[in-house]
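Below are my notes on the model, as numbered points. Please read them beside the sequence and the coordinates.

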Amino acid sequence: MSDRLGMFFSGLCFVHCLATPILLIFLGTNSLASVLETPLFHRLLLLPVLTMAIFQGYYAWKNPQAKLSRVLLPLGCLAVVIAQFFHGPIEILLTNIGSLTLISGHFFSFKARALRRSGLTGATCKIKAHSS
């Protein structure tokens, strides 16, 4: 469930980063859409993104099949945190890269947990796929 929430919040962050400039162009900076541009809104959105990534990063570290998630989740966190210190195109680029990295990390963690629950390893899956 946590990986799904992590993918949701990271995806929300990604969509926010892409949609906010478009909304501001069409609705104007004096509209309610300007709230999406405030630093407070960014911090509030960052809180669940980082919480889910750190929480799942801990479980990925304990799962030997989640090697890729061990790399992607911290890198994604680092990118979205560093993005907070910039404004404009660099902030948007770092946030989008970080969000997509986090989504990937959560996805691979989700898959690794499913494999672990089923009792299969990556090697076992390959052998079974070739034998059928």
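**Notes on the cavity, pocket, surface and helices**

1. The largest cavity is lined by Cys13, His16, Cys17, His42, Leu45, Leu46, Gln84, Glu91 and Thr95. A cavity here is a set of points on a 1 Å grid over the protein atoms alone where a 1.4 Å probe fits but cannot get out, and lining residues have an atom within 4 Å of a point. The space in the largest cavity is about 80 Å³, and the structure holds one cavity of 30 Å³ or more. Volumes are the space filled by probe spheres set on the points, with grid points joined across faces, edges and corners. H1, H2 and H4 each give at least two residues to the lining of the largest cavity.

2. On provenance: this is a predicted model, in which local features need pLDDT of at least 70 and side-chain atom pairs count only at pLDDT 80 or more, while totals for chains, interfaces and linings use all residues. Residues are numbered from 1 along each chain as its sequence is written, and side-chain values use heavy atoms, with hydrogens and water left out.

3. The protein has five helices and zero strands, in the order α-α-α-α-α from the N terminus. Helices (H or I, at least four residues) and strands (E, at least two) are DSSP runs, numbered from the N terminus. Of the 132 residues, 34% are buried; buried means under 20% relative accessible area, exposed over 50%, and partly exposed in between (1.4 Å probe, protein chains only). Of the contacts (heavy atoms within 4.5 Å) between residues at least 6 apart in sequence, 70% join residues at least 24 apart.

4. The largest pocket has a volume of about 240 Å³. A pocket is an open set of grid points with protein on both sides within 12 Å along at least five of seven lines. Its lining has 15 residues, with Glu37, His42, His87, Gly88 and Glu91 nearest the centre. Helix H1 (2-27), H2 and helix H4 (89-118) are the elements that give two or more residues to this lining, and H1 gives the most, with five residues.

5. Beyond its neighbours within four places in sequence, His42 is in contact with His16, Leu36, Glu37, Gln84 and Glu91.

6. The protein exposes about 8300 Å², of which carbon and sulfur atoms supply 75%; areas come from the Shrake-Rupley method with a 1.4 Å probe, and for residues only the protein chains shown count as cover. Val71, Leu75, Leu78, Val81, Ile82, Phe85, Phe86 and Ile90 make a nonpolar surface patch of about 730 Å². Patch residues have over 30% relative accessible area and no salt bridge, with nonpolar side chains (Val, Leu, Ile, Met, Phe, Trp, Tyr) joined within 5 Å and like charges within 9 Å. A salt bridge is a side-chain nitrogen of Lys or Arg within 4 Å of a carboxyl oxygen of Asp or Glu. Helix H3 (residues 67-83) supplies the largest share of the patch, five residues. Leu75, in helix H3, is partly exposed at 46% relative accessible area.

7. Ser69 is also found in helix H3, but counts as buried at 0% relative accessibility. Leaving aside neighbours within four places, Ser69 is in contact with Ala60, Pro74, Gly105, Phe108 and Ser109.
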